[in-house]
Amino acid sequence: MKIAVLPGDGIGPEVTHEAVRVIEALGLGDIEMKHAPVGGAAYKAYGHPLPSETLEIARLSDGILFGAVGDPDCDSLERHLRPEQAILGLRKELTLFANLRPAKVFGGLENFSALRPEVAGAIDMVIVRELNGDVYFGEKGFRTTANGDREGYDIMSYSESEVRRIAHIGFRTAMGRAKRLCSVDKANVLETSQLWRDVVIEVAKEYPEVTLEHMYVDNAAMQLVRAPGKFDVVLTGNLFGDILSDQASMCVGSIGLLASASLGERQTAHGTFGLYEPIHGSAPDIAGQGLANPMATILSAAMLLRHSLGQAQAAERIEAAVAETLSDGVLGRDLGGNAGTTEIGDAVLARL
Ligand code: IPM
Ligand code: MG
């Protein structure tokens, strides 16, 4: 079993280190982990945020454990050299188009939600976000209009096939859960969204057991804080999914707790090839101080074991150890506690 470990920038290396310790502690046998640089770290060492050696190590693995990218030193570089291009490049180059972002409140942690505990306690959803298209990957640039006004532009588009393949993931995810799918778009304004909606309705015919609902993204943002417990699976595009998943994280309690899997169609010897990362960023303000909460990355490692390595039982063991650690009150600063990165890692290991 081959895992590519790409720690990246900021707190990425610290949180990834803890997740690696957790995987090692499981004693699953033949696991080979290869580390490679990405993001600002890779730019500084090799002049590119996604060096071809890193991409190859990622491509040849069964699953990728990814930390975070983003470095203020790199913010004024040309866009194609910025750290964020590493994650966007991996998603695109490896056709990892389906991003699963589960958001569930851990029992006993309802009080950490930004919402009232009785509202937060009901949260148990998965956001299925498309990752290879939308305004993220359309033509973009700067231009100057005839009267000298500077203009920036990013073209938003989705093709029918792109919507179809992510819609299938959304419906299949719903089939494995409470069979309710809410497709989020902005079809009252955007043609991209109108096509999205039309295609989702077509795909729905293949899943008669799933109850499909459509919601405009502004309303979805509101419902997410009003009654988040009503969502089961949320299916949405790249941009809306980016925003709603950060919002969902605070409904759960902390962005330091949310993991994600980015999957494509390629099968490996043990499961589906994928990339796993916490949904938080590189948090440069607290990097290198041992303060970051590694839970989201540890939970991402659990998803890697489940989806890419066929180790569902090991994944459940990790998730149970994380839940126990939290309910025992070992909390990072993001949750109002004072446990540091290593301490949280140690606490999870002790419970494993
Ligand atoms: C995420 C991040 C990325 C995104 C950035 C780092 C490019 O915010 O994974 O949600 O926008 O997709
Ligand atoms: Mg984001």
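1. Y136 places a polar side-chain atom 2.5 Å from an oxygen atom of ligand 1, and for R129 the corresponding distance is 2.8 Å. A polar contact here is a pair of N or O atoms within 3.5 Å; within protein, one must be able to donate a hydrogen and the other to accept it, and residues adjacent in sequence count only if both atoms are side-chain atoms. The protein buries 78% of the 320 Å² that ligand 1 exposes when taken alone (Shrake-Rupley areas, 1.4 Å probe).

2. This is a predicted model, in which local features need pLDDT of at least 70 and side-chain atom pairs count only at pLDDT 80 or more, while totals for chains, interfaces and linings use all residues. Residues are numbered from 1 along each chain as written, chains are lettered from A and ligands numbered from 1 in the order written, and side-chain values use heavy atoms, without hydrogens or water.

3. The shell around ligand 1 consists of E84, R91, R101, R129, Y136 and D242 (a heavy atom within 4 Å). By class, the shell has five charged residues, one nonpolar and no polar (Asp, Glu, Lys and Arg count as charged; Ala, Val, Leu, Ile, Met, Phe, Trp, Tyr, Cys and Pro as nonpolar; the others, Gly among them, as polar).

4. The largest nonpolar core has 83 residues, of which F171, V322 and L326 touch the most other members. Such a core is a set of buried Ala, Val, Leu, Ile, Met, Phe, Trp, Tyr and Cys residues joined through side-chain atoms within 4.5 Å. Helix α10 (residues 295–307) is the main contributor to this core, giving eight residues (helices are DSSP runs of H or I, at least four residues; strands are runs of E, at least two). Domain 1 (1–96 + 265–352) and domain 2 (110–253) both supply residues, so the core lies between them; the bounds come from an automatic or database domain assignment.

5. S245, in helix α9 (residues 238–252), is buried at 1% relative accessible area (buried means under 20%, exposed over 50%, partly exposed in between). Its C-alpha is 7.1 Å from that of R101, although S245 and R101 are 144 residues apart in sequence.

6. Q223 belongs to helix α8 (residues 217–226) and is buried, at 14%. Its side chain makes a polar contact of 2.8 Å with that of R226.

Technical notes:
Buried < 20%, exposed > 50% of the residue type's maximum accessible area, 1.4 Å probe, protein only.
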